[in-house]
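Visitor: Please walk me through this structure feature by feature, giving the general idea before the particular case.

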Amino acid sequence: MSATTTLAPQTGTGFLLRAGEMLTVVDPQGGQVSDLFCFAADDHDEKLSSGRTIDYANTIFLTTGHTLYSNRSRPMLTVVEDTCGRHDFLLTPCSQETFDLLYPEFDGAYHPSCLENLSTGLAPFGVRPDEIGTTLNIFMNVWPEPGGELHIDPPTSVAGDRFVVRAEMDLHVGLTACSAEKSNGGVCKPIEYVVTRAPDPRETPAPTATPTPTAAVAAAPAQADA
């Protein structure tokens, strides 16, 4: 089991997640989004696909039991636990252009972004920024009006909420503590994650049988002849 790693606000990382390993993403303070994107480790032309996943799940609200598919329709991740229940797979990771266009109060100044942090984290694996697509935005609270307009409300996650996925193939994973203030209730906060190996049933000790007590047979004392 790996130690828990904390991503400081508005930062990210990249790592290898092997088939069968579990990735647990935790919101330690509540109300914080984490962007996730991944590639097949042996072929970066195969990557996480929002469209395929939503198509096969027939819902935009993904949770426990759902599979996250690649652009080649192969399972990449399976959601095995979700204590929050609200995540987004529609919106792209925030970029410098996001802040230039949607945050006029920043007046075009540099701003940390999830795209930059994902790119930096995945660069050691040879990933280029243009290869990163729509992220799974863990804990992000996006919902549609009947007419199609999207709302981005503060995350519903509370301190300690977790989202756990199992890798179905070897993956190069990028993960962030989201940098967009409007997605995080106005304040960007840290994210924690841990990688664990899935239990191997071959290594699970067999239950120890409880011995059945043997009834003691009391020997009757010998009787003397009268």
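Guide: Let us begin with burial, where a residue counts as buried under 20% relative accessible area, exposed over 50%, and partly exposed in between (1.4 Å probe, protein chains only). By that scale Phe106, at 27% relative accessibility, is partly exposed, whereas Tyr103, with a relative accessible area of 4%, is buried.
Residues are numbered from 1 along each chain as its sequence is written, and side-chain values use heavy atoms, with hydrogens and water left out. The model is predicted, and local features therefore need pLDDT of at least 70 and side-chain atom pairs count only at pLDDT 80 or more, while totals for chains, interfaces and linings use all residues.

Visitor: What pLDDT does the protein chain average?

Guide: The pLDDT is the predictor's confidence in each residue, from 0 to 100. Here the protein chain averages 91, and 87% of the residues score at least 70. Residues 214-226 fall below 50, and beyond near neighbours in sequence this stretch has 0 contacts in the model, a contact being heavy atoms within 4.5 Å.

Visitor: In what order do the 6 strands of the open sheet lie?

Guide: Helices (H or I, at least four residues) and strands (E, at least two) are DSSP runs numbered from the N terminus, and two strands pair if DSSP finds at least two bridges between them. In this model the order is β1-β13-β3-β11-β7-β6, and the pairing is antiparallel. β1 (5-7) and β6 (67-69) each have a single partner strand and stand at the edges, so one side of each has no neighbour in the sheet. From one strand to the next the twist averages 25°, with axes taken as lines fitted to C-alpha atoms (for helices over the stretch in contact) and angles running from 0 to 180 degrees between N-to-C directions. Within that order, β7 (residues 75-82) and β11 (residues 161-167) run antiparallel and are joined by 5 bridges, and Val79 stands opposite Val165 in β11.

Visitor: How many of the residues of β12 are buried?

Guide: In a regular strand the side chains alternate between the two faces of the sheet. β12 is mostly covered, with 6 of its 6 residues buried: Leu171, Val173 and Leu175 point one way, His172, Gly174 and Thr176 point the other way, and all are buried. Two strands that pair with β12 can be followed residue by residue. β2 runs antiparallel to β12 and is joined to it by 6 bridges, with Val173 as the bridge partner of Phe15; β4 (residues 34-40) pairs with β12 in the antiparallel sense over 5 bridges, and Phe37 stands opposite Gly174.

Visitor: Which aromatic pair does Phe15 form?

Guide: Rings of Phe, Tyr and Trp (its six-membered ring) pair if their centres lie within 6.5 Å, and planes under 30 degrees apart count as stacked, over 60 as edge-to-face and the rest as tilted. The whole structure holds 6 aromatic pairs, and Phe15 forms a stacked one with Tyr193, at 5.1 Å centre to centre and 10° between the planes. Because Phe15 lies in strand β2 and Tyr193 in strand β13 (residues 191-197), the pair ties together parts that are 178 residues apart in sequence. Phe15 is buried at 11% relative accessible area, and Tyr193 is buried at 10%. Returning to Tyr103 and Phe106, their ring centres are 5.4 Å apart and their planes are at 5°, so this pair is stacked; ring pairs link Phe99, Tyr103 and Phe106 into a cluster.

Visitor: To what count do the salt bridges come?

Guide: Side chains of opposite charge can pair when their charged atoms come close. The rule asks for a side-chain nitrogen of Lys or Arg within 4 Å of a carboxyl oxygen of Asp or Glu, and the count comes to 7. Asp170 is partly exposed at 32%, as is Arg18 at 44%.

Visitor: Is Glu46 buried or exposed?

Guide: Glu46 counts as buried at 2% relative accessibility, while Arg74 is partly exposed at 41%. Glu46 and Arg74 form a salt bridge whose closest N and O atoms are 2.8 Å apart, and this pair links strand β5 (residues 43-47), which holds Glu46, to the loop between β6 and β7, which holds Arg74, 28 residues apart. Both belong to a network of salt bridges that links Asp43, Glu46, Arg72 and Arg74.
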